[in-house]
Amino acid sequence: MNDTASLIGLSKTELDTPALLVDLDVLDANIARIAATCRQHGVGWRPHLKGHKTLEIARKELAAGAVGITCAKLGEAEVMAAAGISNILIANQIVGPLKIRRLMELPADANPIVAVDSMANVAELADAAVGRGRVAQVVIEVDTGMKRAGVAPGASVVALAKAIGERPGLRFRGLIGWEAHTVTIADPGEKERTVAAAIGLLTASATACRQAGYAVDIVSCGGTGSFPYCAMQPGVTDVQVGGAIFSDMHYRDHYHTDFPCALTLIATVTSRPTTTRIVLDAGKKAMSGDAAMPLPIGLPGVRSLRLSAEHATIELEAPSEQPRIGDRVEFIVGYSDTTVHLHEEIVGIRRGSVECIWPIAARGRLK
């Protein structure tokens with residue numbers, strides 16, 4: 001990494017490349033918008049950090065009013081807990097002795113909560129918690145239509161809540177779900193109806209648990225692709241909207257969100273073999289094209305963009321002498337989740353100049 005102090009105040013075009021940038025004004029505005037919408041609808045915000053993996057951004061979200069954070073992986077939770085962040089929801093199942101031992105080693109004041117969707121996992125968590133003299137907080141993951149993990153809504157949820165309640169060492173906190181099957185719906189009215197129907201399965205399951213005598217503190221769902229509709233549904237306690245803080249081409253083109261894009265990548269032109277071809281020093285190892293291709297900013301008439309391991313190759317529709325070798329080209333990131341983890345740091349830019357550099361503290365924490 002570069003010496004951070006020497007970079008503060010530089011123009012973003014003076015940075016070595018490829019460099020991952022975040023426009024701080026846009027980031028702050030996106031965070032404020034999510035927080036305000038949640039307040040408007042009386043729900044908490046428990047942002048997912050699998051996209052940014054960065055302590056400083058997590059602290060910004062908490063300062064804006066987030067009730068906690070959501071992690072995809074135990075390794076992310078370990079990084080956050082070690083930094084003093086608490087109220088950590090791990091929205092995945094933690095399975096097997098290696099990972100469960102690590103879960104039990106998280107500081108109690110981190111207040112970790114983990115998802116379950118099977119009797120077997122409930123049993124191994126309970127045994128480990130009793131053996132360590134701990135109480136593990138658990139939420140049941142409910143499949144509201146995504147067809148990935150989770151138990152079926154209704155009776156199956158109540159049965160698992162009963163199993164949790166009968167196990168010493170466990171505390172049942174509530175339910176989580178993710179209505180991912182709704183996110184690509186373009187028509188706002190249809191999306192709102194479909195999100196409401198999916199979350200209705202989650203909230204009805206929560207009601208069934210309460211009627212069976214089980215307290216339900218958490219009913220958590222939602223993401224960028226279902227926002228703001230997820231925050232509008234009665235019975236929801238909090239939403240896990242995460243990617244909207246950055247936004248990107250995937251969210252905008254495929255999920256039909258209207259958040260401005262804060263995350264970009266700047267690259268250097270290293271070759272101009274022809275007057276229509278531009279070759280840059282950032283390829284698949286610097287920015288992903290799996291969910292959506294990055295968008296070069298300020299280059300008119302782009303015919304195509306191709307990413308190889310270490311290069312981006314742009315073909316223009318018409319000959320041009322610009323940009324020249326050594327010039328910089330900035331890209332809106334294609335998909336932030338699969339771009340951020342490629343980098344060691346995010347450079348915070350305000351009005352074109354470097355204001356801060358944040359290490360991506362949970363980078364590589366895939367276990």
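Two residues are in contact when heavy atoms of each lie within 4.5 Å. With that criterion, 68% of the contacts in this predicted model between residues at least 6 apart in sequence join residues at least 24 apart.

**The whole chain**

Next, switch to a surface. The chain exposes about 15000 Å², of which carbon and sulfur atoms supply 52%. Of the 367 residues, 53% count as buried. Colouring by charge shows 37 positive and 39 negative side chains, and the centres of these two sets lie 4 Å apart.

**The nonpolar cores**

Hide the surface and select Leu27, Trp45, Met80 and Ile140. These are the residues with the most contacts inside the largest nonpolar core, which has 95 residues. Helix H2 (residues 24–41) provides the largest share of this core, seven residues. Apart from this core lies another, of nine residues; select Leu15, Ile349, Val354 and Ile357, which are among them.

Return to Met80 and display its surroundings. Leaving aside neighbours within four places in sequence, Met80 is in contact with Leu49, Lys53, Thr54, Leu55, Ala58, Ile69, Cys71, Ile85 and Ile88.

**Helix H5**

Select residues 97–104, which form helix H5. Which residues of this helix are buried? They are Ile100, Arg102, Leu103 and Met104.

**Val142 in strand E6**

Stay with strand E6 and select Val142, whose place is in that strand. Is Val142 buried or exposed? Its relative accessible area is 2%, and because the limit for a buried residue is under 20%, Val142 is buried.

Display the contacts of Val142, not counting residues up to four places away in sequence. Val142 touches Gly150, Val151, Pro153, Val157, Leu175, Ile176, Gly177, Leu202 and Ser205.

Finally, draw a C-alpha to C-alpha distance from Val142 to Glu166. The two residues are 24 apart in sequence and 20 Å apart in space.

Definitions and conventions: Residues numbered from 1 in each chain as written. Predicted model: local features only at pLDDT ≥ 70, side-chain atom pairs only at ≥ 80, totals over all residues. Heavy atoms only, no water. Buried < 20%, exposed > 50% of the residue type's maximum accessible area, 1.4 Å probe, protein only. Areas by Shrake-Rupley, 256 points an atom, 1.4 Å probe, with all protein chains shown as cover. Lys, Arg positive; Asp, Glu negative; His and termini not counted. Charge placed at Lys NZ, Arg CZ, Asp CG, Glu CD. Helix = DSSP H or I, 4+ residues; strand = E, 2+ residues; numbered from the N terminus. Core = buried A, V, L, I, M, F, W, Y, C linked by side-chain atoms within 4.5 Å.
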